[in-house]
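Visitor: I would like to go through this assembly with you, one contact at a time. Could you show it to me?

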Number of protein chains: 4
Amino acid sequence: MSRKSNTEQRRSEIIAAMLIVLAEQGYERATIQAIAKQAQLTPGLIHYHFKTKAEMLMALIAELSAIFQTRYAALASTATTPNEKLLAYINARLAKGKGENPEAVAAWVIIGAEAVKQPEVRALYENAISQELGLLQELLKAHLKSKGKRIKSAPHLAAVMVATMEGVFQLASAAEAVMPKAYAAKTVIALIDRFIELEDHI
Amino acid sequence: MSRKSNTEQRRSEIIAAMLIVLAEQGYERATIQAIAKQAQLTPGLIHYHFKTKAEMLMALIAELSAIFQTRYAALASTATTPNEKLLAYINARLAKGKGENPEAVAAWVIIGAEAVKQPEVRALYENAISQELGLLQELLKAHLKSKGKRIKSAPHLAAVMVATMEGVFQLASAAEAVMPKAYAAKTVIALIDRFIELEDHI
Amino acid sequence: MSRKSNTEQRRSEIIAAMLIVLAEQGYERATIQAIAKQAQLTPGLIHYHFKTKAEMLMALIAELSAIFQTRYAALASTATTPNEKLLAYINARLAKGKGENPEAVAAWVIIGAEAVKQPEVRALYENAISQELGLLQELLKAHLKSKGKRIKSAPHLAAVMVATMEGVFQLASAAEAVMPKAYAAKTVIALIDRFIELEDHI
Amino acid sequence: MSRKSNTEQRRSEIIAAMLIVLAEQGYERATIQAIAKQAQLTPGLIHYHFKTKAEMLMALIAELSAIFQTRYAALASTATTPNEKLLAYINARLAKGKGENPEAVAAWVIIGAEAVKQPEVRALYENAISQELGLLQELLKAHLKSKGKRIKSAPHLAAVMVATMEGVFQLASAAEAVMPKAYAAKTVIALIDRFIELEDHI
DNA sequence: TATGAATGAGTTTTCATTCAT
DNA sequence: CATGAATGAAAACTCATTCAT
């Protein structure tokens, strides 16, 4: 009788360790040895569960997407109106406090830089961004409709909002000291509200 | 007779080569060898002019700041009103077309990720962000005043705008394919205009 | 099933190889490559077992101390009187023949020069010298007492004797050709004997 | 009319700088660049005056020999009896105070280690040691004769004394903290005196 | 003589990956 | 599954030496 496989458990542990090492030490220092140490595993075992380091990075991207998605799901669970859902999304991405995950944010920033020139990373990164764009666009359209506004501007507005979120992540991870405290969520909401308020009616 | 120094020239060449390699190949591949090859110099000579790779990175940050500053200076040179100056700034950072420098943008994104955990890089990055915040705040305040609006919201608005710019850089470098074309400058201007339009009077 | 560790064995092999390379080629030529070749291992493996070259040097100093200590222990094992023990010590350090280890001596000389300016090496070297001083002082005091002589001069005498031993090592390693044959042990013993003979009684 | 050659002056400056760098930083750090910096000259000029680094080392050995010789000459100038000359020699080599040159001593120790395996250095080192042996032997013989003692033991005694001096240099340079203060000259003189006192008459 | 840029071989060290146990 | 030794290629950096100026 074979031992029960613990592969999924191990893969999770490894990815969780990679997330932490990436956030705490940066990409250069995120060696297999360092990840193994963080996970209290051995380098050999890491490679038993992941053929290459690139494969680990792919898994980490999926994990980070799930982490961000989870926060939104939690906040959106009690939202009913389009406006509430939109607010839930923005707060999930930008609000300080409960559910905030600075390590995931830092890891995401580092992956974003890797996406600049690693084609495989870029593909997954683009896919994640694409989903964000799609989701946010839907939320915006629903909100616009509920306000009786035309939805034409939703794609561009969604694009700028996604950019803002990426930028907030970047600055939170690399320039926190020079940024105002808790500036992001409230201001973004105000920007969107006023933009929509002055948008043409259908 | 002593030999004439060409250090400044060489340092410029090396930093220019580093910018290109960073933008084209990412941080991992931006080895001294690769930079030397790009600059058509030998690795030994690189180290003759820069003691360490970190020193090169510092010089590159200064160079990138200068590049961005130059584009703004060019666009602002014909601006007279506060509104024109603000538009010049946003266009300098976000508009496609003349003066655009995608390689500098990509290099900046990669440096932003390095700033997450390299303290020396972070210090320079924070300084650069801090200057952007200060400049943008002044531009916003002048514009708000000229419109008879209170200026209280300028710091948070500036912070979100800087974040947006960083995010636009990130997405332009790592997810261009999934982004709408030329979405950024126009939309950002509209967001600011409407935000200010609905802002309280002094 | 876990693989059995051979770290201790490997570390010993590496240090033994380092000793030989140091003695045969000098410090400059004692590169990781050369040591690896001598040990029939790869450079990478050397660094798997020793994080840095400095760490190897530390281990070598400990090994050399043990080698010298062993020769003394062997000769002293049959000594019963203070005089015999003192003779055993001097012969252990200076006599030609059985138990002599010219490679260890040469390695020690080279380490002594490194101790001039490498603080970590110096600390261990000073510690080793300090132990030699202490041991020799005790042996001298016991001998003086057994002869009914005052022991006041023991510290200075021990210091000069330790210096002489270091010097004999140096000259045996770097100027053997111009030195008389087998001059050291016998002459040193005579010097000490006559010094003590003419020392004041208690 | 050609400029007056300053080659000798420059060579002296370079060797003086090398001595200091060697004493202050050790052999590893005594690079041409470091020596050039110490001498306030350029690396290229160093190689104009010395074809290779080895040649510099040779010149330094000669310089050190001269430095040591000079101190002896100064102390011996007022000595008339064989005993006084012997004392002058021992004090020249071992006494603290006036004319002491710890940097030269440290440099000599480092060269002694290089002599272990660099044949050219070894040749000069052996030559220097050989001269010391010869000189000391003559001084001892003259002293012995004046005391009416047989001179048979002079070679071995001289050899041990030279070893002691080398060892005192070594310990002064690498283990000063653990050695008694000013132990060497006085104790060595006592050792020799008593040895000779108990030596057979002619 | 003197400068200092340039070279290229060499150094220590790192690290993803493999593999015997 | 798990260990950890082992590899080999590549990294940053050093440095004696050369040479155009």
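**Confidence and contacts**

Guide: Within chain A, the confidence has its lowest mean, 94, in helix 1 of chain A, and its highest, 98, in helix 8 (residues 154–174) of chain A. This is a predicted model, and 98% of the residues of chain A reach a pLDDT of 70 or more, with a mean for the chain of 95.

Visitor: How many residues does chain A give to its contact with chain B, and what area is buried between chain A and chain B?

Guide: The contact draws 58 residues from chain A and 58 residues from chain B. Carbon and sulfur atoms give 71% of the area buried between these two chains, and that area is about 4,400 Å².

Visitor: In chain A, which residues lose the most area to chain B?

Guide: Three residues together make up 15% of what the chain A side buries against chain B, and they are H156(A), L191(A) and R194(A).  By class, the side of chain A that touches chain B comprises 13 charged, eleven polar and 34 nonpolar residues.  Returning to the residues that lose the most area to chain B, the names are H156(A), L191(A) and R194(A).

Visitor: Which helix of chain A provides the largest share of the side that touches chain B?

Guide: Across the interface of chain A and chain B there are 14 residue pairs in polar contact, both residues being at pLDDT 80 or more. Helix 1, helix 6 (102–114), helix 7 (119–146), helix 8 and helix 9 (184–197) of chain A are the elements that give two or more residues to the side touching chain B. The largest share, 16 residues, comes from helix 8 of chain A.

Visitor: Which residue of chain A meets R194(B) in a salt bridge?

Guide: The rule finds two salt bridges across the interface of chain A and chain B. In one of them, with 2.6 Å from N to O, the side chain of R194(B) meets that of E199(A).

Visitor: Turning to chain D and chain C, what area do they bury between them?

Guide: The contact takes 58 residues from chain D and 58 residues from chain C. Of the area that chain D and chain C bury, 71% lies on carbon and sulfur atoms, and the area itself is about 4,400 Å².

Visitor: With which residue of chain D does R194(C) form a salt bridge?

Guide: Two salt bridges are found across the interface of chain D and chain C. One of them has its closest N and O atoms 2.6 Å apart, and it joins R194(C) to E199(D).

Visitor: How far apart are the nearest C-alpha atoms of chain A and chain D?

Guide: No contact joins chain B and chain D, whose closest C-alpha atoms lie 11 Å apart. Chain A and chain D do not touch either, and the distance between their nearest C-alpha atoms is 29 Å.

Visitor: How many residues surround DNA strand F, and which are the closest?

Guide: By class, the surface near DNA strand F has nine charged, eight nonpolar and 19 polar residues. In total 36 residues surround DNA strand F, the closest being S5(A), N6(A), R10(C), Y48(C) and I32(D).

Visitor: What distance separates a backbone N or O atom of K53(D) from a phosphate oxygen of DNA strand F?

Guide: Of the atoms of DNA strand F within 4 Å of the protein, 70% belong to sugar or phosphate, the rest belonging to bases. For K53(D), where a backbone N or O atom approaches a phosphate oxygen of DNA strand F, the distance is 2.8 Å.

Visitor: How far is a phosphate oxygen of DNA strand E from an N or O atom in the side chain of R10(D)?

Guide: For N6(B), a side-chain N or O atom is 3.2 Å from a phosphate oxygen of DNA strand E, while for I32(C) a backbone N or O atom lies 3.0 Å from one. For the side chain of R10(D), the distance is 3.1 Å.

Terms used:
Residues are numbered from 1 along each chain as its sequence is written. Chains are lettered from A and ligands numbered from 1 in the order in which they are written. Side-chain values use heavy atoms; hydrogens and water are left out. Contact means heavy atoms within 4.5 Å. Buried area is the accessible area (1.4 Å probe) that two parts lose on being put together, summed over both. A salt bridge is a side-chain nitrogen of Lys or Arg within 4 Å of a carboxyl oxygen of Asp or Glu. A residue is near a molecule or strand if one of its heavy atoms lies within 4 Å of it. A polar contact is a pair of N or O atoms within 3.5 Å; within protein, one must be able to donate a hydrogen and the other to accept it, and residues adjacent in sequence count only if both atoms are side-chain atoms. Ala, Val, Leu, Ile, Met, Phe, Trp, Tyr, Cys and Pro count as nonpolar, Asp, Glu, Lys and Arg as charged, and the others, Gly among them, as polar. pLDDT is the predictor's confidence in each residue, from 0 to 100. Helices (H or I, at least four residues) and strands (E, at least two) are DSSP runs, numbered from the N terminus.
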